[in-house]
Structures are given as C-alpha cells and as structure tokens.
Amino acid sequence: MNVLKRYILNFKSSLKRSSQIHRAMVTATATQVFACDSTSITFSSEGDQVVISSPETLQALHTAASYLKELLPVAFPTETVYGLGAVALNATAALKVFSTKGRPPDNPLIVHVSSRHMLQSLLPQNYTLSRSYELLIEHFWPGPLTLLFPCDHTIIPDVITAGQPTVAIRMPSHPVARALIAITNAPLAAPSANSSGKPSPTRAEHVLNDLNGKIAVILDGGPCEVGVESTVVDGLHEDGNIRILRPGGVTVEDIKQVLVGFSDAETPIPRVLVHRRDFTDDALEQAPTTPGMKYRHYSPSVPVTLLRSTSDVPLGLEPLSSSAFLEDIKRSAPYPPDALRVGLLMPSDSVLMRSLISDTAIQWHQFPLGLVSEPAIIARRLFDGLLTLEKEGVDLILVEGISEEKEGLAIMNRVKKAAGHTQWITIS
C-alpha cells in the first residue's frame with residue numbers, strides 16, 4: 001500500500017469520529033455573526049503584538065479564539081476570500097474543517113500566520129529562506145501570496161499537507177485575520193469558508209447562506225478586497241525557478257518585477273513559470289501540494305457557460321454568432337423563452353453583453369463586473385456575482401472570458417473551473 005492510500009484510509013477513519021463529535025457540539029448552538037471594525041486593529045512592526053481599540057471587535061475576536069481553542073472551526077475574513085479556520089497544529093481541529101466543507105482528503109490546506117516569528121516556529125530547524133523567498137516575503141507579506149516550505153511533520157499534522165513533504169503558508173493582510181491568529185496564538189489552517197466545490201465567499205452573508213448551522217461563529221469584516229484566493233508559489237526546486245501552482249491575488253507581472261532585485265554577479269534572475277501555461281506536472285495534479293489544482297471548484301448550483309471571443313478559437317471548432325447561440329439556448333430550455341432567466345457576468349463595457357440583451361425574449365439578470373481595463377475590480381466582484389446570480393434563481397449563468405494578463409490570469413483560472421461548458425462566439 002503506497003503512502004497516499006494509507007494516508008486516505010487513516011483520514012477517513014479519523015474524519016468519521018471527528019464529524020460525529022463536531023455535529024453534536026455545533027447543533028447545540030446557532031451560527032452567530034459578529035461585526036468587526038478593521039480600522040480599530042493595529043500591529044507592532046514585527047507583527048507579534050496587536051492593539052484593538054474597539055471593545056466590540058475585541059470581544060468578537062476573543063469569542064472566535066475561544067472556539068478555535070476548543071478545536072472548533074470559525075469563519076473569518078481575509079483580503080482574498082472568507083476562510084474557515086482551525087488550529088493548524090491539531091489534527092482533530094483540522095479534520096473538522098474537512099467534515100464541515102465536505103472536502104476531499106487529498107486536498108491540502110494553507111496555513112496562515114500572523115508574524116515572521118510564527119512562520120519560523122513552523123519551519124525545520126536547518127532550513128534557511130532562499131533569496132527569492134526573502135524578496136517575495138518582503139514585498140508581498142502580509143498579503144495574498146502563499147509559499148511552499150519544507151514540512152516538519154513533527155510540528156504540522158499530515159492532514160494539513162495531505163501527507164506531502166511540503167506545507168503551504170501565508171500571512172494574510174486583513175487586520176481581522178491577523179488579529180484572530182495573534183489572539184489565538186496559533187497558526188490557522190483555513191481554506192475558503194464554503195461547501196467544497198462551490199464559489200468562494202467574499203462576504204459574511206455568503207458564508208451564512210452556505211454554512212449556517214454548521215459552524216458556531218462568523219466574523220464579519222466586510223467585503224474582501226482582492227476577491228480571489230492567494231497566488232501559490234513553489235520555489236523549492238533545485239533550478240531556483242519560481243513555479244506558480246495557482247494564480248491569485250499577486251500577479252505574475254508583480255512577481256517578475258520584484259525578482260529583478262535578485263540579480264547579482266553569480267546568480268541569474270529566477271524564471272517565473274505558470275502551471276499549465278509554462279509547464280505541466282501529472283504527478284503534481286494527482287497528488288497536489290496546494291489547493292485548487294485537482295478538483296472542480298467555484299461552481300454554483302446552476303450551470304455556468306464560459307463565452308470566449310473568436311480570437312482564440314481552437315482548431316476544429318466552429319464559433320457561433322451571438323444570435324445563433326441564443327437560439328440554441330432557447331431550443332434546449334424545458335420551457336418557453338420568455339420564462340428563461342439567464343445571468344450575465346461580464347465586464348461593464350462588454351460589447352458581447354450589449355449584443356445578448358438585445359434579445360428581449362429572455363429575462364436577463366445582469367451583474368456587471370467592472371471595466372475590462374480594470375481586472376482587479378473584476379476579480380473582486382467575480383465570486384460575489386456567481387453567488388448573487390445563483391441566489392436570484394437564474395437558470396443559466398453566462399461568463400465572458402477576458403485576457404489572461406495581470407489579475408485576468410487568476411480570474412480565468414477560476415472561471416474555467418466553474419464552467420461546465422465553453423462556447424466561442426462571434427460578435428456582429
């Protein structure tokens with residue numbers, strides 16, 4: 001029996017016991033939502049000390065920390081998406097994250113820290129940060145960047161890493177997240193606070209709509225600023241190159257710009273390689289070292305279709321005009337066209353959107369994402385749009401593809417995984 005199979009068998013046995021205890025503890029308490037004032041939270045220069053001027057926010061954080069110390073998961077805001085956190089150094093606590101979400105056992109968790117001191121406490125004693133990691137931490141921490149590190153399995157349970165030899169760690173920039181970690185005085189393992197496979201929540205109400213009754217506490221820190229998950233970087237290979245395993249809140253362009261400072265007389269600037277664009281790794285996809293690589297994600301309960309322009313039509317595929325595409329939708333609908341409700345998740349200045357809504361037979365539900373020239377705004381609104389249109393009861397969501405540059409790379413990574421179908425369109 002190989003290591004992964006043995007790990008999964010042990011995981012399932014532990015998960016069953018953990019789920020029974022978790023259900024008994026949570027069902028006795030309704031989910032509570034506590035508002036937190038991010039502006040009331042400040043940190044020392046080293047990040048080890050936190051000062052909170054709002055009594056209500058301080059009480060909310062201590063309440064959440066008390067549940068975490070009782071090994072129960074809580075939801076909290078980060079700058080990327082809302083996370084479902086548990087004490088990362090306790091396998092029992094981490095298992096409750098898996099049972100709450102329905103998360104597959106071979107999908108690792110990211111560990112969140114509040115300071116460099118906390119990071120160092122998790123790393124093997126003989127490990128020294130590379131020059132490239134030092135630069136990335138200096139520029140992007142705290143922030144939406146996750147780095148892979150060698151894992152000390154005497155410190156970090158296998159359930160966190162899915163038995164892999166590396167662990168993914170980041171330091172969130174959202175004040176509520178960092179303060180919660182600091183007050184708990186423990187690193188938190190935290191995937192997105194949603195049922196596995198669903199769109200990630202970017203507002204507290206998204207978490208409540210999904211996990212109400214399954215968790216005890218949600219900290220409401222307002223809408224997430226970034227709106228997509230962190231960028232995950234593997235810089236542990238002998239060639240010294242930076243491999244982006246999951247695009248996210250820190251762009252490839254930003255990373256390349258920072259690494260220019262790496263150059264010296266003897267060491268070349270590391271190359272930045274994006275998984276599935278610049279390299280492939282079948283073994284990594286079968287046994288991922290980070291979330292978001294293996295399973296279908298970000299899908300609402302209604303079908304999602306990705307609409308692509310004709311500029312990148314694969315050989316052998318015939319694009320449709322927008323009118324022909326709409327006729328196909330009407331024909332396949334189980335009821336008359338005037339009863340068909342279609343959600344549009346597209347840039348505010350989309351030519352395609354204007355073309356589609358000229359067909360007045362369909363009930364259109366529009367969620368403009370922002371200007372196509374501002375992909376950071378589109379990223380911030382993407383998951384909110386999917387969840388809002390789902391809640392409005394549409395029958396189908398159409399998402400328009402954008403250029404895979406800057407934040408567009410992360411946006412399209414999520415949209416491609418959310419969509420069950422892709423259609424290439426010509427716009428007349």
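Student: Is His 112 buried or exposed?

Tutor: This is a predicted model, where local features need pLDDT of at least 70, side-chain atom pairs count only at pLDDT 80 or more, and totals for chains, interfaces and linings use all residues. Residues are numbered from 1 along each chain as its sequence is written, and side-chain values use heavy atoms, leaving out hydrogens and water. Buried means under 20% relative accessible area, exposed over 50%, and partly exposed in between, with a 1.4 Å probe and protein chains only. His 112 has a relative accessible area of 4%, so His 112 is buried.

Student: Which residues does His 112 touch, not counting residues up to four places away in sequence?

Tutor: His 112 sits in strand 6 (residues 110-112); strands (E, at least two residues) and helices (H or I, at least four) are DSSP runs, numbered from the N terminus. Contact means heavy atoms within 4.5 Å. Leaving out residues up to four places away in sequence, His 112 touches Arg 170, Pro 172, Ile 181, Pro 187, Leu 188 and Ala 190.

Student: What separates the C-alpha atoms of His 112 and Ala 179?

Tutor: Along the chain, His 112 and Ala 179 are 67 residues apart. Their C-alpha atoms are separated by 11 Å.

Student: How are helix 2 and helix 7 set to each other?

Tutor: Axes are lines fitted to C-alpha atoms, for helices over the stretch in contact, and angles run from 0 to 180 degrees between N-to-C directions. The axes of helix 2 (residues 55-69) and helix 7 (residues 175-184) come within 9 Å and cross at roughly 55°. Angles under 35 degrees count as roughly parallel, over 145 as roughly antiparallel, 65 to 115 as roughly perpendicular and the rest as oblique. Helix 2 and helix 7 are therefore oblique.

Student: And how are helix 13 and helix 14 set to each other?

Tutor: The axes of helix 13 (residues 375-391) and helix 14 (residues 407-418) come within 8 Å. They cross at roughly 25°. Helix 13 and helix 14 are therefore roughly parallel.

Student: How many disulfides are there?

Tutor: A disulfide is a covalent bond between the sulfur atoms of two cysteines; here it is counted as a pair of cysteine sulfur atoms within 2.5 Å. The sulfur of Cys 224 is 13 Å from the closest cysteine sulfur, in Cys 36, too far for a bond. Cys 36 is buried at 11% relative accessible area, and Cys 224 is buried at 4%. The count of disulfides is zero.

Student: Which residue is joined to Trp 141 by a cis peptide bond?

Tutor: Most peptide bonds are trans. This one is cis, with omega about -10°. Trp 141 is joined to Pro 142.

Student: What is phi of Asn 185?

Tutor: Most residues other than glycine have a negative phi. Asn 185 lies in the loop between helix 7 and strand 9 (188-189), and Asn 185 is exposed at 62% relative accessible area. Asn 185 has a positive phi, near 60°.

Student: What is phi of Arg 276?

Tutor: Arg 276 is in the loop between strand 13 (272-274) and helix 10 (282-286). At 57% relative accessibility, Arg 276 counts as exposed. Phi is again positive in a residue other than glycine, near 75°.
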